[in-house]
Amino acid sequence: MTNRDTESKIKRAFSNTVPDIRDSILSDCKTQEGAVIVMTDTNRKTFSPRRLAGIAAAFVLLIGGMTGFQIYRANYSVASTVSLDVNPSIEIQVNKKEQVLMVNPRNEDAEVVVGDMDFKGSSLDVTINALIGSMLRNGYLNELANSILISVDNQDPAKSAELQERLANEINAVLQTGTFNGAVLSQSISADSNLRALAEDYGITLGKAQLIQQIIEQNAFYSFADLVPLSINELNLLTESGRLNLANVNSLGTASDKAYIGEEKAKEIALSHAGAAADKLTQYEIELDYEHGAMVYEVEFKSEGFEYDYEIDAVTGSILKSQKETDDDYIPPQTDAPKPEAGNGSSQTNQTNTQTGGDSSQANPNQSQASQEGTKPKTSYIDEDQAKSAALSHAGVSANAVTEYESELDREHGIMVYEIDFKCEGFEYEYEIDASTGAVLKNQKEQDDDYIPPQTGGQQPSGGNGGYIGEARAKEIAFSHAGVSANTVHEYEAKLDEDDGIMIYEIEFKAGNYEYEYEIDAASGSVLKYAWDED
Amino acid sequence: MIICLTSANDSGGEPDSSRLDRCLWAIAREDSQALAELYDCTSPSVYAFALSILKNTQDAEDVLHDCYLQIYSAAAKYQASGKPMAWILTITRNLCLLKLRERRRMADLPPENWEPYLEACQSASPEDRLILTECMRLLSDEERQIVILHAVAGFKHRETAKLLELPLSTVLSKYNRAMKKLKNHIGKEY
């Protein structure tokens, strides 16, 4: 049986059991009609039995309500809010006696975790135990993602801290008994209204918002929105890998990176791409980071006169960015180096470069480098086209697929280079081409975050009708939505307009006794707004 | 009852918005015929939604009654926005919430026994009765409201999310879970 079948059965079942009170409504409206006229000044009311009963009930409520209030406060007012975040985010509200008032799943995963369990009135400990159990059973906590964040929100900071510590230890103990070790982050909420609004906007718990906030404060490269989709395990990994020191967060255990290829594997991939030997590396650094919406290993190292910079997708191991650059600080091994003050400049650069130091008299902050260069007059460089084709052929892209191409002759590392930037099919390239030899000194390839694949592209507002449905189609959509046929329409007007940054067709027409107004999304053809009125 | 039946059938899927807009426009001018028409098109949705919140046929009937009185007196304030059902069901929901508050203060009623009401309802087939009972028994309050809004009132999930003030993702997942439960139970017997 399909959903549709079930739906129509439900619809029929309810439709067939509606009590027919149409006539009583109509006659009640008539009496109301009489009242409405006088109501404007004297406010006369018809006291039907129904209404009298209502007033009596209201009295009972008022009295009952007042006496009940004190009891209500002790048992039903929220004393603490505890939130659990893994990826499922769950908020638990408890009263003073730590009995659960409400368990509030904050996302879809959380609903799976909570399922049909009803915690109302249970103790907080039992509830948390059951929820952790359910997270384990449902695979939200496992050896690949073992981190959980506990946030306690209580007016009284001492009480908060006590509860935070107790719960963290308890949960930690529960997780250690499994087949893997958990990592428990805990914090007390000290959120201002600003953070509350952020949490609300993004639909996350206050606890997760506070954690993200603290990470951003430590690392300005992340934005709040970037980190919202990450699980606590991922946030925990970023914190550990970036050696961030989150003052208000207590951490037990270590976040699992088993879902990722691991630092060793990332290193191997980078080295084999660079063709560098592991034993010739210097200044090797690796860090797990979050870039372009994915977890990546950032690998940096130097080897034999070059500096390398890689970004490797932490899940798939694919290379998202690679950069190779001559290492200005490189000291070549003492072979036949003739220069006694071999402080600077790579040997390769010097060799390819001996006749290019024409303008070494220019102020160069790197003075020793400048002094090395000869003072021969400027010789001919390769022209820009040659540099371009060197870069394109290195990148393996064809000239007509390239966009945003820019090139500039510049002095770098003491030699003249063409700096060439361009984009092609979702990647941004940066090259430095030796202006005298045409050698590729630096190349960098990176994902282009602004890239719009061609199918959905062409929505530039300035692009005329490119990518739009066209006025004729918009007209059809409006007419069929209004249920009018084209030959009954008069005073038809349409124009293409921009509204709130999207392009729309504004369509107005008259048909029958009505005047219609439509706004149709010019790209998708959906009806954004419509109104009609008696003509 | 017969009127309800035919109108539910001839309106096909969800009640047609521009028709309802026209009704409301006329109701604002105290056209009781238009109110009758509106009642015929929309009462299944109003009643089902009220029932899904209140779980009590008597209360749902009260809300059904009060809802149309309120529509009658407020229609002049309604602005044709293309969402007449949303407007009507917002009124319904508010009345239900009032009712619930009232009921809570009056001490909780025991869950209603459906059987006598359904027995008395001549127009309901045995299958209808089963479905109603299962909807009430199997689904959580929220699930039930979500299903009713989609299946009976023809709401898009996005609209349901707005009316119930829930995130869209919640509505979607609850809807799917609810349908799974219902299909498991209803499907076996029919």
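In the predicted model, helix H3 of chain B is largely enclosed by the rest of the structure, because 19 of its 23 residues are buried, a residue being counted as buried if 20 or more other C-beta atoms, placed from the backbone, lie within 10 Å of its own, as exposed if there are 12 or fewer, and as partly exposed in between. Helices (H or I, at least four residues) and strands (E, at least two) are DSSP runs numbered from the N terminus. The end C-alpha atoms of H3(B) are only 28 Å apart, short of the 33 Å that a straight helix of 23 residues would reach at 1.5 Å a residue, where the expected span is 1.5 Å times one less than the number of residues. H3(B) carries a kink of about 60 degrees at Thr42(B), shortly before the proline Pro44(B); the bend at a residue is the angle between axes fitted to the seven residues ending there and the seven starting there.

Just after H3(B), Lys55(B) takes a positive phi of about 55 degrees, although Lys55(B) is not a glycine. This residue is found in the loop between helix H3 (32–54) and helix H4 (57–74) of chain B, and Lys55(B) is partly exposed, with 17 other C-beta atoms within 10 Å. The buried residues of H8(B) include Glu143(B), Arg144(B) and His150(B), together with Ile146(B), Val147(B), Ile148(B) and Leu149(B). The secondary structure of chain B comes to 10 helices and 0 strands, and 41% of its 190 residues are buried. Of the contacts in chain B with a separation of 6 or more, 68% are accounted for by residues 24 or more positions apart, two residues being in contact if their C-beta atoms, placed from the backbone, lie within 7 Å.

Residues are numbered from 1 along each chain as its sequence is written, and chains are lettered from A and ligands numbered from 1 in the order in which they are written. Because the model is predicted, local features need pLDDT of at least 70 and side-chain atom pairs count only at pLDDT 80 or more, whereas totals for chains, interfaces and linings use all residues.

Chain A has 15 helices and 18 strands, and buried residues make up 31% of its 535 residues. Among contacts in chain A between residues at least 6 apart in sequence, 48% join residues at least 24 apart. Strand E4 (residues 147–154) of chain A is mostly covered, with 8 of its 8 residues buried. Both faces of E4(A) are covered, by the criterion that Ser147(A), Leu149(A), Ser151(A) and Asp153(A) on one side and Ile148(A), Ile150(A), Val152(A) and Asn154(A) on the other are all buried. Strand E1 (residues 80–85) of chain A pairs with E4(A) in the antiparallel sense over 6 bridges, two strands being paired if DSSP finds at least two bridges between them, and Val82(A) stands opposite Val152(A). The pairing of E4(A) with strand E5 (residues 183–188) of chain A is parallel, over 6 bridges, and Ser151(A) stands opposite Gln187(A) in E5(A).

Elsewhere in chain A, 8 strands form an open, antiparallel sheet in the order E7-E8-E9-E10-E14-E13-E12-E11. Its edge strands are strand E7 (281–291) and strand E11 (402–412), each of which pairs on one side only. Within this sheet, E12(A) and E13(A) run antiparallel and are joined by 8 bridges, with Glu419(A) opposite Glu432(A) in E13(A). The loop between strand E12 (415–424) and strand E13 (427–434) of chain A contains Glu425(A), which has a positive phi of about 45 degrees although it is not a glycine. Glu425(A) is exposed, with 12 other C-beta atoms within 10 Å.

At the interface, 38 residues of chain A are in contact with 47 residues of chain B. The elements of chain A that give two or more residues to the side touching chain B are helix H1 (3–16), helix H2 (22–39), helix H3 (49–76), helix H4 (108–114) and strand E18 (527–534). The largest share of this side, 11 residues, comes from H1(A).
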